Amino acid sequence: MSLKKSQLSALIAVFSGAATLLPAAVSAQNVEEEVVVTGFRKSLEAALDTKRASANNTDSIIAEDIGKMPDLNLAESLQRLPGVAITREGGEGRQITVRGLGPDYTRTTLNGMEVPGSTGGLDSSGGVNRGRAFDFNIFPSELFKQMTLAKSTTAGIEEGGLAATVELYSFRPLDNPGFNLSVSGQGTVDSFAGELDPRLTAIYSQTFFDDKLGIMAAVAQSQRTVRQEGFGTVRWTSPFSNGDRSWVGTDADVDIVGTPNPGANYPGVSGGAEQLDYMWHPRLPRMDSFNREQDRLGYAFTAQFQPTDRMEFALDVVGSQLDADVTSYNYFAQFRNLQDTIEPTRVVLDSSGRYIVAGDFNNVSPRSESRGQFSETDFLQVVASGKFDLTDSMTLDVQYGEAKSDHEEYQYRYNLTASEASTFSYSFEKNENIAEMSYGFDILDPANYGWSGPTFREDIVERKNKTFKADLTIEGDGSDVSFGMIWNDRNLNSERGNPVNLNDDIPAPNADLTNSLSDVVSGYADGLDAPSGFPRNFIVADYDAATAAYGAGEFETALGDSNTYNVTEETLGGYMEVNSDAELLGKPLRVNAGLRVVQTTVTSKGVVDDGDGGFVPTELERDYTEWLPSTNLVWEFQDDLLFRLNMNRNFTRPGLSSMAGNVEVTPINGNVSVGNPGLDPERANSVDMSVEWYFADESVLSFTYFYKQIESFITGATLEGVELPADIREIVAARPEYDPSSPLYDESVLSPDSDDWNITTSVNGEGAELDGYEIGYQQPFTFLPGWADNFGAFANYTYVDSQAEYGNGVVGTLEGLSKNSYNLGLYYENDTFGARAVINSRDDYVTDQTGSNGNSSHGTTGPTRVDLSGYWNATEWLKVTLEVINATNEPERLYTTGPEGDLDLIREYNTTGTEVLLGVRATF
């Protein structure tokens, strides 16, 4: 897929404009006076200096001032860098993808130590994070002074970041001696939620004893109220793809507008007399309302002591607590697994005759789902480090640290299912993303419903990392040699809690146990631009009253559950690295070369059903050793013109949860996922080549080509439409959804005896390749006359292509990869006023290459987002700030591609509105 024409034209215009301005900038730099750079421009300059001095391919984000990152969210800041794209949770950046490789391929360090970070989320955004990916929404951005993204590696950088390594650094007092105090406060208003949420930050640092001792303390607290609303289908399917079912009645009884074309969906199939059985339709067309209330508290403390010029000690503490309450309300017509009980009376087909654009149906049973997810995430890292100049040419750095991330989440889901089936109609004729819908009964009357299949569960994810490392550097004449070792102990403990002591006798739905959506959410769909026939109100459960009626709230650890396990990973590594200054053809050449070796031991523990009503413990262990060479060359073949060559071997370990040997079941969709403790790591050989022209002060124009060949690519292998093996069938049949005497019973789940189950496991595939290029530009317009010289711009464009072999013989691009992405930014700053506008855009991308429910794949439409910010220096110490996030209210759109992979059928369409933050900031 390609960039929209207008967006590509804008991008070309920026780079063309840059080329026009370069000669003027180059000539002007010799005559312009020295200026003091501050604010955002200073941040860009410092990041550029870091990039130029680096041996490997890096980009950085550096704080504009103490407690002031360029963006309010760390992931949002990172997406400004070339090759970085993000996924969001409730409109806020959560995880990053780098050069088409997903979040699990990027490792994150904090103050030199790899850290874990798990939060929860909606199903569509990944749910509870049990993988290696880091959730950046744990932290407030104000705690950090710098983020560096290393897209190529050196021997001294710890292994694991096949895509990149993100290095986070908190503030240190000796970097800014003396007394420093920064206090800021902002009020946030969301265009949908309408709540005024506070965001407060205070950072203090002070040095003592002639700047030999320093302390820093920081605290940042914020509240956030987000309303995400829209429409969803929970994917499309056909009666044929959904268990070879058929509609009630015959095609002859249906008023068909259009000509069915079954062979276009299923080549070689004519459909015979019942061609509608091969037409695609939404599985669960529904109204969606997701409401998030979030409270985040972050804190940091650092003590630095430098008793002599040859010795330094530091203690860094960083912590965060994220509390999130998400209440979700969905109302949907149930086609899933029920087509053989539903009678179509009129259908309108698309022009190709492949799917039902609009239809009227009899005997449809609607359901209201009310889900509450209440979670708390606690993060704490403590790192002690020391630096010793043993001699004039020998330096020793040592560090020991521990970090933990504990996530606990409770979920309560209540289903109100219509007591009697009725007529139902839907139509996409007015809006391809949001359907008009109507029902043959009063959908607000609780007397028309009964309770069915509730879900109560507790999820606990406890992650703990311990790290010790030592690095010795010996400096010589024009070169240095470094040796180092590192030991890590990483543990993931996952527990699923099942409900206990539930009430058996639940009152029928009534006015005391239910509400209408309008009672709990005001103005639903006002920001959607939905067609007039889109329902704005429906029945929902009253969480507190329903929880009391069921007696829910007590849980016990479910031994033998697929989400109860413990995995420990211990690594021991060492490296040698040489840095040397040389010449090539009389021009400066910097050489960085080295070798890293690391041994990994993984131990997986769990419990399984012994077949006699009890459980027995299991333990699996494996180890492997990797040798990882790297070479980095930086040649300044002309003044201010650099050529970089980066070559390295790296690997990413399999996700800890995938090695647990667990079995995860989703009975309502007929899906079973089985873990694979025997997975090998994913290894890759990488090459980066770049040219960087630093044509003026604070300016650069760069081009980078990159290539990765990934061995042993981990992918999913799926058996579709099969019977369950006896051991897995026993696990499935024991679930409470199948027990009519259980309050959790749900008659709509797929039978354990069905031959329509899908079984998926992770395997090491044939490999994958990706390559692409990045273009970067940055420049302050200091050569322009008068006030115009306060403007500046930055832009980057990334193209990535890839080919990977997935399960079941599917070959396609990497999941999460947008072929084209770009950033455009324009800023203005003077001593009194500053403003910035940033546009970020990416192409559509595939999220699941193997699909489900008969779909070839699933994808997400690439968004184009606009963010604005500004400030006014009211006094030397007081600044008024303004931030506008998602200024154009860009929606999020997910889609499915049908049986042949060439359709674009709406899966989810929702938006979170625009956020506006107005605040003040005082610095002393």
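**View 1. Arg413 and Glu369 form a salt bridge through their side chains, at 3.6 Å from N to O.** A salt bridge here is a side-chain nitrogen of Lys or Arg within 4 Å of a carboxyl oxygen of Asp or Glu. Arg413 belongs to strand 18 (residues 394-418) and Glu369 to strand 17 (residues 356-391), so the contact ties together parts 44 residues apart in sequence. Strands (E, at least two residues) are DSSP runs numbered from the N terminus. Arg413 is buried at 18% relative accessibility, and Glu369 is buried at 9%. Buried means under 20% relative accessible area, exposed over 50%, and partly exposed in between (1.4 Å probe, protein chains only).

The model is predicted: local features need pLDDT of at least 70, side-chain atom pairs count only at pLDDT 80 or more, and totals for chains, interfaces and linings use all residues. Residues are numbered from 1 along each chain as its sequence is written, and side-chain values use heavy atoms, with hydrogens and water left out.

**View 2. Asp459 pairs with Arg457 in a salt bridge of 3.4 Å, N to O.** Asp459 is buried, with 3% relative accessibility, whereas Arg457 is partly exposed at 22%.

**View 3. The side chains of Glu626 and Arg683 make a salt bridge at 2.9 Å, N to O.** Glu626 sits in strand 29 (residues 615-638) and Arg683 in strand 33 (residues 682-693), so this pair links parts 57 residues apart in sequence. Both Glu626 and Arg683 are buried.

**View 4. Salt bridges with shared partners build one network.** Its members are Lys51, Asp59, Arg99, Lys151, Arg644, Asp688, Glu692 and Glu774. The structure contains 47 salt bridges.

Terms used:
Helices (H or I, at least four residues) and strands (E, at least two) are DSSP runs, numbered from the N terminus.
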